[in-house]
Amino acid sequence: YAQIYAHAHPERILSLWLSSPSSGTNTVWKDVETEVLAYNQTHSTGWEFLKMGIYSLFGMLGSDWAYQKMFHLVLVVYNRKHAPDVEIDLDDFKAVKADPINKTRPAIQNYKPLPEIVKDTEFQIMLTYGDADIYGASREKSLGRYPSAKTHIFKDCGHIPWLHNPDAFNTILHEFYMLSE
């Protein structure tokens with residue numbers, strides 16, 4: 001959403017921080033979904049991956065509970081190697097609702113493609129990813145879209161750098177916003 005908004009209203013942006021962003025809209029979004037599915041299959045047990053599929057199916061049919069369980073399980077998997085001590089509480093997902101999720105996905109798939117290159121923005125941009133992020137090859141689309149952006153790849157980190165490497169994340173965040181002021 002931040003990329004869509006920044007593209008539509010660059011005059012309203014003071015700075016743009018993109019932490020492990022999806023790589024785009026339209027056909028790029030479909031490619032990202034395929035990449036994330038492959039990540040989940042590789043990093044989950046067979047039983048976890050099957051449950052993700054079942055929860056996703058029931059979520060698409062309108063079940064809030066199923067999406068809550070799916071996103072809970074996804075975050076457990078995302079944190080497993082990088083922040084195993086982080087407690088992922090199912091109650092934290094009670095606000096997850098099927099209806100907005102089921103409307104958002106097709107809207108992003110049908111949204112016009114983001115530009116391949118955004119040059120000469122009036123604002124500073126920071127792009128960060130973990131070195132073991134869920135986005136692999138697709139992240140090159142985001143990195144290539146903003147050639148003037150500052151970038152940082154966090155070592156020993158997955159998709160959630162503020163949990164997986166909070167000291168490094170906070171340092172980069174602080175440095176970026178001190179420079180952007």
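Tutor: A residue counts as buried with under 20% relative accessible area, as exposed with over 50%, and as partly exposed in between, using a 1.4 Å probe and protein chains only. The model is predicted, so local features need pLDDT of at least 70 and side-chain atom pairs count only at pLDDT 80 or more, while totals for chains, interfaces and linings use all residues. Residues are numbered from 1 along each chain as its sequence is written, and side-chain values use heavy atoms, with hydrogens and water left out.

The part to look at is helix α4, residues 64-79. Helices (H or I, at least four residues) and strands (E, at least two) are DSSP runs, numbered from the N terminus.

Start with Asp-64, which lies in helix α4. Asp-64 is partly exposed, because its relative accessible area is 27%. Asp-64 forms a salt bridge with Lys-97, the closest N and O atoms being 4.0 Å apart; the term stands for a side-chain nitrogen of Lys or Arg within 4 Å of a carboxyl oxygen of Asp or Glu. The two partners are 33 residues apart, and Lys-97 sits in the loop between α4 and α5. Lys-97 has a relative accessible area of 37%, so Lys-97 is partly exposed as well.

Asp-64 also takes part in the packing of α4 on α5. Two packed helices are described by the angle between their axes and the distance between the axes. Axes are lines fitted to C-alpha atoms, for helices over the stretch in contact, and angles run from 0 to 180 degrees between N-to-C directions. For α4 and α5 the angle is about 75° and the axes are 8 Å apart. That makes the two helices roughly perpendicular, the word for 65 to 115 degrees; under 35 is roughly parallel, over 145 roughly antiparallel, and the rest oblique. From α4, Asp-64, Tyr-67 and Phe-71 make the contact, and from α5, Ala-98, Asp-99, Ile-101 and Asn-102. Contact means heavy atoms within 4.5 Å. Sorted by class, four of these residues are nonpolar, one is polar and two are charged. Ala, Val, Leu, Ile, Met, Phe, Trp, Tyr, Cys and Pro count as nonpolar, Asp, Glu, Lys and Arg as charged, and the others, Gly among them, as polar.

Helix α2, residues 27-43, packs on α4 too, at an angle of about 70° and with the axes 10 Å apart. At that angle α2 is again roughly perpendicular to α4. Val-36, Tyr-39, Asn-40 and His-43 of α2 meet Val-74, Val-77 and Tyr-78 of α4. This contact has five nonpolar, two polar and no charged residues.

Arg-80 pairs with Glu-48 in a salt bridge whose closest N and O atoms are 2.4 Å apart. Glu-48 is buried, because its relative accessible area is 10%, while Arg-80, at 35%, is partly exposed. The whole structure has five salt bridges.
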